[in-house]
Amino acid sequence: MSGKVKVRAAANADAMAGAMSVNERILRDCHSLYTDPETGLIALASHLGLTFLPPRKKITVMLMGNHSAGKSSFINWYIEEHIQRTGVAIETQGFAFITSGRKRESLTGDATLHLYPHFKPLQSFQGVSEYLCTEISTSRQKKFSLVTFVDTPGLVDGDMKYPFDVNRALLWLGELCDLVLVFFDPMGQALCKRTLDIVEKVNENHGDKLRFFLSKADEAGGESDRQRVLMQIVQELCKRPGLNKCGFDMPTIYVPNPNKPSRCINQIEDVCKTIEKTITQTVQNTLNTLGRDSQKLTETIETRLREDEETVWRNRRARVKGCLFGLSGFLLPVFLFASALFGSISHEIWTSVLGKSGVETLEIYLTPLLTLWSLVPEDYVGYTFLALALLAVLLMLLAQKCFRTHETLSKKQRRYLLDRHAYIGDVVAQRQKKLYEDYLRQSVGDHDMS
């Protein structure tokens, strides 16, 4: 085993032994806060009719460019392992996901989509699944534990036939990836029209993700040759309206070879810094999203509980109204019928049936009705009785309508929402605050932390 390999193996062993970076731990903790089957925010959001997406534990970096632009060579250099085949004759034919894991493994298309469910729509791209794979490496070099690389097919012009719609697939991946590295090489393919067309379309909606690099800069000849190539590429890019930006930057990079030293300035570390910056930005975005989602859940729960209390109050008022209308609708025909009987049957008969005190009580309640009946002409008594009967029916219908109450939360549902509300405030919010402090403590001193 060579000295360099021994050093890398030792570094990987130390990393796997317990040196999980702060950013890696933050992203994993945030992911678990969302995905826990019992207390996760996704389960609670679903219960409330909301949809949350779990934050990713890694950023996704897509490398694209023309044929033999050095994409695979860069990945091998970054992870310090020859995991991707390189060379002019053997180029990437499909899409390869390169990620870190516990064991060196190669996955086919179906296994890849199972591992990355958010990439499953690729199944709808005819032919892509057969040219999809994942390479899992145990490397922990640089920031690889937080990165998933997507190595893409080399792009060429002319009659080159791809087994799938490569343009459409690249544009779709550009939407999903966090960073898109575009490699231009100086060996005659730098101005590949297919590459420029795709870059221009990605730039329309995701220009902030694009980063341009002149790869294999050590093979461009002298400094004047490199400048000429850079000028040609920049001029061609600036012809595209969307790419004509102020402060356009294109670092020159190449994979260092100790057996082939070069005087060319190598800015390959700028690529690493770009990846690291994207990781830190992703950590910030994840923590900010966790805070916003927690606040949204808290407000939704409070709104749901408040609306339930208002519904309970409305239901109570509806029941009172229903009782009043129902009682009126029930008593009206009873009194009508009683008054009719009282007026048609002699006083002696009522006395023999109810007794003297019962008749006196009945007179007290029925005298007003009898007085009203006496005011109604005899020809209209029947109509009046019918109208009052219809009024009684109407009152009964109103009572039935009032008794139609709205559904409210059960005691179990209400207790669940109160528990979740307390959990978000006492656990999730405090956890988010602690994770933010851990993140900031990497770059600021304890005395700066409030």
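## Rings and nonpolar cores

In this predicted model, the charged end of Arg168 is placed over the ring of Phe125, at 4.1 Å from its centre.

Two of them are set out below.

| Pair | Centre to centre | Angle between planes | Geometry |
|---|---|---|---|
| Tyr34 and Phe52 | 6.5 Å | 65° | edge-to-face |
| Tyr78 and Phe149 | 5.2 Å | 80° | edge-to-face |

Tyr34 belongs to helix H2 (residues 22–35), while Phe52 lies in the loop between helix H3 (41–47) and strand E1 (59–65), so the pair links distant parts of the chain, 18 residues apart. Tyr34 is buried, with a relative accessible area of 2%, and Phe52 is buried as well, at 9%.

Tyr78 lies in helix H4 (residues 71–79) and Phe149 in strand E5 (residues 147–151), so this pair ties together parts that are 71 residues apart in sequence. Tyr78 counts as buried at 0% relative accessibility, and Phe149 is buried with a relative accessible area of 0%. Ring pairs join both residues into a cluster that also includes Phe74, Trp77, Phe144, Phe183 and Phe213.

Phe74, Tyr78 and Phe149 are also among the residues with the most contacts inside the largest nonpolar core, which has 49 residues. Helix H9 (residues 268–344) supplies the largest share of this core, 11 residues. Apart from it lies another core of 36 residues, including Val156, Phe164, Ala169 and Leu214.

Terms used: Residues are numbered from 1 along each chain as its sequence is written. This is a predicted model: local features need pLDDT of at least 70, side-chain atom pairs count only at pLDDT 80 or more; totals for chains, interfaces and linings use all residues. Side-chain values use heavy atoms; hydrogens and water are left out. A nonpolar core is a set of buried Ala, Val, Leu, Ile, Met, Phe, Trp, Tyr and Cys residues joined through side-chain atoms within 4.5 Å. Buried means under 20% relative accessible area, exposed over 50%, partly exposed in between (1.4 Å probe, protein chains only). Helices (H or I, at least four residues) and strands (E, at least two) are DSSP runs, numbered from the N terminus. Rings of Phe, Tyr and Trp (its six-membered ring) pair if their centres lie within 6.5 Å; planes under 30 degrees apart count as stacked, over 60 as edge-to-face and the rest as tilted. A charge sits over a ring if NZ of Lys or CZ of Arg is within 6 Å of the ring centre and within 35 degrees of the ring normal.
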